[in-house]
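Please look at the sequence and the 3D structure below before reading the report that follows.

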Amino acid sequence: MVMTTSSGGIYTRLCQLFPPPSEGERRQGAEFRFDIEVGYGEPFDRHDVRIADGSDGGVVFARSDYRVKLDAGFAVADLRLHDEQALMHAIVNAYGAILIHREWGFLLQASCLVDRNQGYLFAGKAGSGKSTVADLSFPRPVLADEIALVRVRGEAIAVGDSPFRSAIRSKGDPVFYPLRALYVLEPSLRVGQVQLKQSESMLAVLDHLFFWSRDNREALKLLRLCKELTRKVPVRRLYFQKNNLFWDAIR
């Protein structure tokens, strides 16, 4: 992935979010490019994202404070931002759309931890405890504290280091870890877990996805990815207190 911008502030923020590519990645070349500039629209006012067809066969996502235009091949993304505050949501929008279009995987509203070389996802809405779970899991490596990167392509479902962080900085870990389980967080006075049925698992995954589209073909791709995940990985509801006892319950 290559990102270009003439804004010093945006460049600094990108360097914080995304580790520099390795020598091998530079030799391979970029699969897609993000061109990012500021000076668009108005300050953020609401979360509603408008979707329209692009003039070249691509797609356009727009909010009051940003516009994302993806070309027909989902290889070049033109991002226009009102300010640096819009950067994260705009990139998540574009990056998530590219992952689904290529049927590689998706971005999930979840924290992600590594324990004994296996990945664990903890999905939840804002305020459900994703960051708390990450904080309480030290010294386990944190792959995500807000938005998790899930790879569905291949035999095994895997999770990788996500640059989309709210507090805990990414270390640029290049390794993908096999996903052991996905837990839907439920704050509680007790600690325990309940296995979800296949239909419940699908709804739980869909409810925590970052996905904007009005294209039925993209929606079908997403459904196939979610079905593959729930077929191979157990999805459970996790009742947890604000302590690390949940690790004893889920192993």
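## A pair of strands

Strand β4 (residues 59-63) and strand β5 (residues 66-70) run antiparallel and are joined by five bridges, where two strands count as paired if DSSP finds at least two bridges between them. Within this pair, Phe 61 has Val 68 in β5 as its bridge partner. Strands (E, at least two residues) and helices (H or I, at least four) are DSSP runs, numbered from the N terminus. This is a predicted model, in which local features need pLDDT of at least 70 and side-chain atom pairs count only at pLDDT 80 or more, while totals for chains, interfaces and linings use all residues. Residues are numbered from 1 along each chain as its sequence is written, and side-chain values use heavy atoms, with hydrogens and water left out.

## The whole sheet

The open sheet has six strands in the order β1-β2-β6-β5-β4-β3, with mixed pairing. Because β1 (2-5) and β3 (50-53) stand at the edges with a single partner strand each, one side of each is left without a neighbour in the sheet. From one strand to the next, the twist averages 15°.

## Helices across the sheet

Helix α1 (residues 8-17) lies across β1, β2 (33-38) and β6 (76-81), running at about 155° to β1, whereas helix α3 (residues 87-101) lies across β1, β2, β4, β5 and β6, at about 20° to β5. Such angles run from 0 to 180 degrees between N-to-C directions, with axes fitted as lines to C-alpha atoms, for helices over the stretch in contact, and contact means heavy atoms within 4.5 Å.
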